[in-house]
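Subject: Structure handover

Hello,

Here is the structure I promised to pass on. Please open it alongside this email and follow the notes below.

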Amino acid sequence: MSRRILAATAVAGALALMPIAGSPAQAAPFATQAGGAGLTRTQTVELQSKVDDLIKQYPGSRQVSANKIAAKGFDIVVQAPGQKAGQDLAKPATKLALGCNSGYLCMEVGGTVFNLYACQTWYATNWYGTGEFVNNQSPGTVASFYTDGSGALRWTSTAYEAGHFDATPIGSVRPC
């Protein structure tokens with residue numbers, strides 16, 4: 001079973017993804033989209049840096065909008081500067097509950113949206129505070145959330161279910 005790490009760290013009171021290094025070559029196609037969504041040049045550069053960091057962290061992932069990354073088994077929508085929550089700038093009217101596709105477990109933690117669809121264990125770090133989730137998998141599919149450290153089962157969600165959760169701390173998630 002392959003494992004992915006969804007790494008995050010608290011920055012300025014919000015969940016941000018751990019930086020690695022940027023790739024300015026990928027910024028150009030999405031800068032216009034970010035500007036069209038109302039981001040300033042500085043905000044666009046800051047957002048692109050976060051996106052570039054994630055692309056480096058997840059080999060094989062690719063940027064599909066100004067703040068969305070797609071990879072095998074999941075996609076991530078990064079909270080853009082000035083946003084209250086992670087919303088795909090290609091579809092700015094989309095909210096988490098409406099944007100969670102069939103077959104996905106979607107979670108918003110500190111403004112960053114994680115959309116998981118592969119049946120495997122996903123590891124997370126520094127998930128604290130409250131978040132929103134939508135378990136939009138096949139009816140009856142049970143998603144399991146485990147504690148940080150001991151890995152004990154914290155709670156489960158049976159599809160279809162949506163609501164809020166306490167992520168203090170969630171160490172790993174298994175959508176199925």
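**A pair to start with**

V77 has V113, in strand 8, as its bridge partner. Strands and helices here are DSSP runs, numbered from the N terminus: a helix is H or I with at least four residues, a strand is E with at least two. Two strands pair if DSSP finds at least two bridges between them.

**Ground rules**

This is a predicted model, so local features need pLDDT of at least 70 and side-chain atom pairs count only at pLDDT 80 or more, while totals for chains, interfaces and linings use all residues. Residues are numbered from 1 along each chain as its sequence is written, and side-chain values use heavy atoms, with hydrogens and water left out.

**Overview**

The protein has three helices and 14 strands. Of its 176 residues, 46% count as buried. Buried means under 20% relative accessible area, exposed means over 50%, and partly exposed lies in between (1.4 Å probe, protein chains only). Take the contacts with a separation of 6 or more: residues 24 or more positions apart account for 62% of them. A contact means heavy atoms within 4.5 Å.

In what order do the strands of the open sheet run? The order is 4-5-6-8-7-10-13, seven strands with antiparallel pairing. Strand 4 (62-65) and strand 13 (161-166) are at the edges. Each has a single partner strand, so one side of each has no neighbour in the sheet. On average, neighbouring strands are turned by 20° against each other, direction ignored.

Now the individual pairs.

- Strand 5 and strand 6 are antiparallel and joined by four bridges. I69 stands opposite I76 in strand 6. The two strands form a hairpin with two residues between them. G73 in the turn has a positive phi of about 100°.
- Strand 6 also pairs with strand 8 (residues 112-116), antiparallel, over four bridges.
- Strand 10 (residues 130-136) and strand 13 run antiparallel, with six bridges between them. F133 stands opposite G163 in strand 13.

Look at the side chains of strand 6 next. In a regular strand the side chains alternate between the two faces of the sheet. F74 and I76 point one way from strand 6, and D75 and V77 point the other way. All four are buried.

Helix 2 (residues 41-57) lies across strand 4, strand 5 (68-71) and strand 6 (74-77). The helix runs at about 140° to strand 4. Axes are lines fitted to C-alpha atoms, for helices over the stretch in contact, and angles run from 0 to 180 degrees between N-to-C directions.

**The core**

The largest nonpolar core has 33 residues. L47, M107, W127, F145, F165, I170 and V173 have the most contacts inside it. Helix 2 gives the largest share of this core, four residues. Such a core is a set of buried Ala, Val, Leu, Ile, Met, Phe, Trp, Tyr and Cys residues joined through side-chain atoms within 4.5 Å.

Which residues does L47 touch, leaving out those up to four places away in sequence? They are L39, A66, N67, V78, Q79, A80, P81 and L89.

**Aromatic pairs**

The whole structure holds seven aromatic pairs. Rings of Phe, Tyr and Trp (its six-membered ring) pair if their centres lie within 6.5 Å; planes under 30 degrees apart count as stacked, over 60 as edge-to-face and the rest as tilted.

The ring centres of F74 and W122 are 5.1 Å apart and the planes are at 75°, so this pair is edge-to-face. F74 lies in strand 6 and W122 in strand 9 (residues 122-127), so the pair ties together parts 48 residues apart in sequence. F74 is buried at 1% relative accessibility. W122 is buried at 1% too.

The rings of W155 and F165 have centres 5.8 Å apart and planes at 40°, so the pair is tilted. W155 is in strand 12 and F165 in strand 13, ten residues apart. Both are buried. F133, F145, W155 and F165 form one aromatic cluster.

**The salt bridge**

How many salt bridges does a search of the whole structure find? It finds one. The side chains of D166 and R154 meet at 3.7 Å, N to O. A salt bridge is a side-chain nitrogen of Lys or Arg within 4 Å of a carboxyl oxygen of Asp or Glu. D166 lies in strand 13 and R154 in strand 12 (residues 153-158), so the pair ties together parts twelve residues apart in sequence. D166 is partly exposed at 38% relative accessibility. R154 is partly exposed as well, at 30%.

Best wishes
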